[in-house]
Each structure stands twice: as C-alpha cells, then as structure tokens.
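I opened this file to look up a few local features and write them down as I went. The entries below follow the order in which I checked them.

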Amino acid sequence: MRFSPIIWVACALVALPVGAVAQTSYPAKAVKIVVPYPPGGAVDQVTRRIAQKLTEQTGQSFFVENKAGATGTIGASQVARSPGDGYTLLANDTTYSILPQVFKKLPWDYATDLVPVAGFNFAPTAVVVASGSPFRTLADLIAYSRSHPGKLNYGTGGAGTMPHFATEALKTSSGLDATHVPFKGAGEATMALLGGSIDFQIASTPGVMGQVRGGKVRLLAVSGEQRSKTLPDVPTFAQAGSAGYEVVNFTGLWAPKGTPEAVLQVLRKNIEQAMASKDMQAFAEDLGAVPNTLTGQAFAEKLKSDARLWESVAGKLGVDKQ
C-alpha cells in the first residue's frame with residue numbers, strides 16, 4: 001500500500017509530541033499583550049519596546065492592548081480567562097505580588113490561573129519631585145514632613161500599586177509623613193507632580209526618565225546598592241540617609257494556565273534573546289534600568305520574595321482589603 005507525501009507528513013506530525021509541534025509553530029499568529037494600566041507608565045513603555053523586539057525576532061506581531069482599572073485586576077482577569085495557547089499574555093510589575101494584600105478575593109485564582117513567564121528590565125525606584133520643588137535632598141523632604149505633619153502629599157497610579165506600597169515602606173523606614181493621593185495611572189500622577197497638585201512621587205525610573213532629561217523633574221534618591229550609571233549624580237537611599245530601603249521594580253509577562261511548556265520555553269528564549277541584544281540593553285540602561293532576565297522558577301521565586309515584602313508592608317499599614 002502506497003501513501004502520498006501529504007499523508008506521510010500528517011503521520012509524522014501525529015507521531016510528534018504535542019509540545020514539539022507547538023514549539024516549531026509558535027507563534028503562528030499575532031500575540032496580544034495586555035497591559036492592565038493606562039498608556040504612559042513604566043509597564044506600558046517597557047512592554048511596548050519588548051513587544052516590538054519580539055515582533056522583529058519572530059516575524060509575528062506582538063502588540064499591546066491597555067485594559068486599565070481596579071489596580072490592574074481587570075486586565076489580569078481578562079488574561080486569566082483567555083485560552084492557554086500563548087496568544088494572550090499579561091504584562092505587569094511587582095504590583096502583581098501586592099494584589100493579595102489589597103483584595104479579599106481576586107476574580108481569578110492567584111495561585112494557579114496565571115503562569116509566570118519571565119521578568120526583565122529591573123529598574124530602581126526613585127523619589128521624584130518637580131524641578132521647581134524647594135526640596136533638594138531626601139533629607140530635606142523628610143525633615144519638612146516631620147516638622148509640618150499632614151502638609152505633604154504624594155501621588156501614585158492607584159491604591160495598592162507598587163508606588164503606593166513602596167512609598168509606605170519608605171515612610172515606615174524613614175519617618176516620612178505624607179498623605180496618599182491616588183490617580184488612574186502612574187503617568188497621570190507624574191502630570192499632577194508637574195502641575196503642582198502633589199509634592200512628590202515614588203516611581204520606577206523608566207516612567208520618569210523623559211521628564212528627567214527634559215529638566216522637568218529631579219530625583220532625590222534611587223534604590224540599589226550602587227548609583228545608576230545613567231544617573232550618577234543621584235544618591236542611593238542609603239547614601240541619602242535612608243538605609244534599609246530597597247525596592248527594585250521590574251516588568252514581567254504571565255500566561256494563562258494550561259499554556260504548553262513548549263510555548264513558554266519559546267517565549268522565554270525569545271525574551272532572553274531580546275534582553276541580551278545591544279539595542280535592548282541600551283534601551284534599559286537609558287531608562288536607568290538593568291537588562292537582566294529571570295525566567296521560570298527563578299522568576300517565580302522572585303515573585304514569592306516580593307510577596308513576603310508586601311505582606312509585611314500591608315501588615316504595618318493595617319490594610320483593609322477591598
């Protein structure tokens with residue numbers, strides 16, 4: 001009995017493990033990356049850049065869709081309900097590890113419904129003031145807040161976001177006194193800072209480097225053990241007098257549960273390749289970030305470590321979960 005070449009090919013594909021087929025064919029169509037925040041923030045900027053790089057590497061379109069609201073849970077929930085095929089992904093930052101401390105019940109199973117793919121573009125957090133601010137140093141800001149309790153306020157992209165918890169962590173470690181003013185996104189908080197509606201904000205450096213270069217804002221301190229190569233004149237928190245404060249942000253991707261391991265491996269390989277490229281390294285360094293990549297179990301452990309930090313902060317805050 002003789003078989004046509006087409007039948008032989010079909011038989012060969014059937015004989016291959018499912019993962020092997022997925023690995024050779026993925027991505028076969030456009031991939032949507034959901035950013036659960038408004039355009040303009042650090043997560044949005046970094047995700048759009050790596051999406052562009054993944055498009056170049058794979059020949060398939062990786063595109064960003066902003067789905068903002070409820071501290072990122074609306075977008076995350078959408079991805080959690082999507083098919084586990086690798087064609088809908090979630091972008092987020094360390095805020096993802098804060099969510100269980102903010103909500104009594106999330107609209108998806110936090111432990112199982114979203115699978116960590118990779119974390120990349122690790123960026124220091126910074127205390128940011130407008131260029132016309134009277135505060136020249138972090139010590140100035142802290143001293144004023146102590147002598148004028150209730151007079152300072154700070155802005156974030158919403159209650160329960162990384163900047164919110166990071167600022168509260170700084171308040172605990174330094175004695176800084178300030179009132180929280182939540183906005184709809186980190187970019188909106190920065191605009192409020194420029195407009196004089198708030199006194200300062202804590203933001204990851206990618207979200208504010210455009211304003212730094214434009215001379216519109218000033219950084220008083222950055223997290224990390226050493227000064228940033230891009231920001232050599234900005235002291236670390238320890239150098240600025242607030243030792244013990246270390247919050248480093250990142251951008252990461254998650255996939256719905258059930259996504260084949262072979263697809264996850266293709267994504268991880270491409271993300272590692274992207275972040276190792278000269279243009280992506282230059283992009284990260286230009287934003288004051290480090291182009292490291294954590295994948296698989298290493299990324300999962302990073303998320304667990306962050307979760308322990310934010311649980312401690314939430315406990316000190318006495319957060320009333322929504």
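**Entry: S82.** I looked for what S82 touches beyond its neighbours within four places in sequence, and I found T88 and P256. The model I am reading is predicted. S82 sits in the loop that runs between α4 (73-80) and β3 (88-92). Its side chain reaches the backbone oxygen of Q78 at 2.8 Å. I noted a relative accessible area of 15% for S82, and the cut-off for buried is under 20%, so S82 goes down as buried.

**Entry: T95.** Next I went to the loop between β3 and α5 (99-102), where T95 is found. Is T95 buried or exposed? At 1% relative accessibility I list T95 as buried. Leaving aside residues within four places in sequence, I recorded contacts of T95 with Y37, T71, G160, T161 and M162.

Entry: I then checked the backbone. Most residues other than glycine have a negative phi, and most peptide bonds are trans. I wrote down A70, which is not glycine and has a positive phi near 55°. A70 is in the loop between β2 (62-66) and α4, and at 40% relative accessibility it counts as partly exposed. N121 is also a residue other than glycine with a positive phi, near 55°. N121 lies in strand β4 (residues 114-130), and at 2% relative accessibility it counts as buried. For the peptide bond, I found a cis one joining Y26 and P27, with omega at about -5°. P27 belongs to the loop between α2 (18-25) and β1 (31-35).

**Entry: aromatic pairs.** How many aromatic pairs does the structure hold? I have 11 in my notes. One of them is F165 with W310: the ring centres are 6.1 Å apart and the planes stand at 75°, so I call the pair edge-to-face. F165 is in helix α7 (residues 162-174) and W310 is in helix α12 (residues 296-317), so this pair ties together parts that are 145 residues apart in sequence. I found F165 buried, and W310 as well. I also looked at F237 and Y245, a tilted pair with 4.4 Å from centre to centre and 55° between the planes. F237 and Y245 are both buried. Finally I traced a cluster in which ring pairs link Y96, W108, Y110, F122, F250, W254 and F299.

**Entry: V319.** I followed F165 to another of its partners. V319 touches Q101, F165 and A314, with residues up to four places away in sequence not counted. V319 is in the segment after α12. Its relative accessible area is 32%, so I put V319 down as partly exposed.

**Entry: E272.** I placed E272 in helix α10 (residues 261-276). E272 is partly exposed, at a relative accessible area of 38%. Not counting residues up to four places away in sequence, E272 touches T293 and T295. I also looked up E272 against F122, which is in the ring cluster: their C-alpha atoms are separated by 13 Å, and the two residues are 150 apart along the chain.

**Entry: α3 and α11.** Two packed helices are described by the angle between their axes and the distance between the axes. Helix α3 (residues 42-58) packs with helix α11 (residues 278-286) at an angle of about 175°, and the axes are 11 Å apart. Angles over 145 degrees count as roughly antiparallel, so that is how I describe α3 and α11. Which residues meet here? From α3 I listed Q45, V46, R49, I50 and K53, and from α11 D279, M280 and F283.

**Entry: charges over rings.** Two of the residues just listed came up again. The charged end of R49 sits over the ring of F283, 5.8 Å from its centre. I also noted K29, which lies over the face of Y87 at 4.8 Å from the ring centre.

Conventions. Residues numbered from 1 in each chain as written. Predicted model: local features only at pLDDT ≥ 70, side-chain atom pairs only at ≥ 80, totals over all residues. Heavy atoms only, no water. Phe/Tyr/Trp six-rings, centres within 6.5 Å; stacked < 30°, edge-to-face > 60°. Helix = DSSP H or I, 4+ residues; strand = E, 2+ residues; numbered from the N terminus. Buried < 20%, exposed > 50% of the residue type's maximum accessible area, 1.4 Å probe, protein only. Lys NZ or Arg CZ within 6 Å of the ring centre and 35° of its normal. Polar contact = N/O pair within 3.5 Å; in protein donor to acceptor, adjacent residues only side chain to side chain. Contact = heavy atoms within 4.5 Å. Axes fitted to C-alpha atoms, helices over the stretch in contact; angles between N-to-C directions. Parallel < 35°, antiparallel > 145°, perpendicular 65-115°, else oblique.
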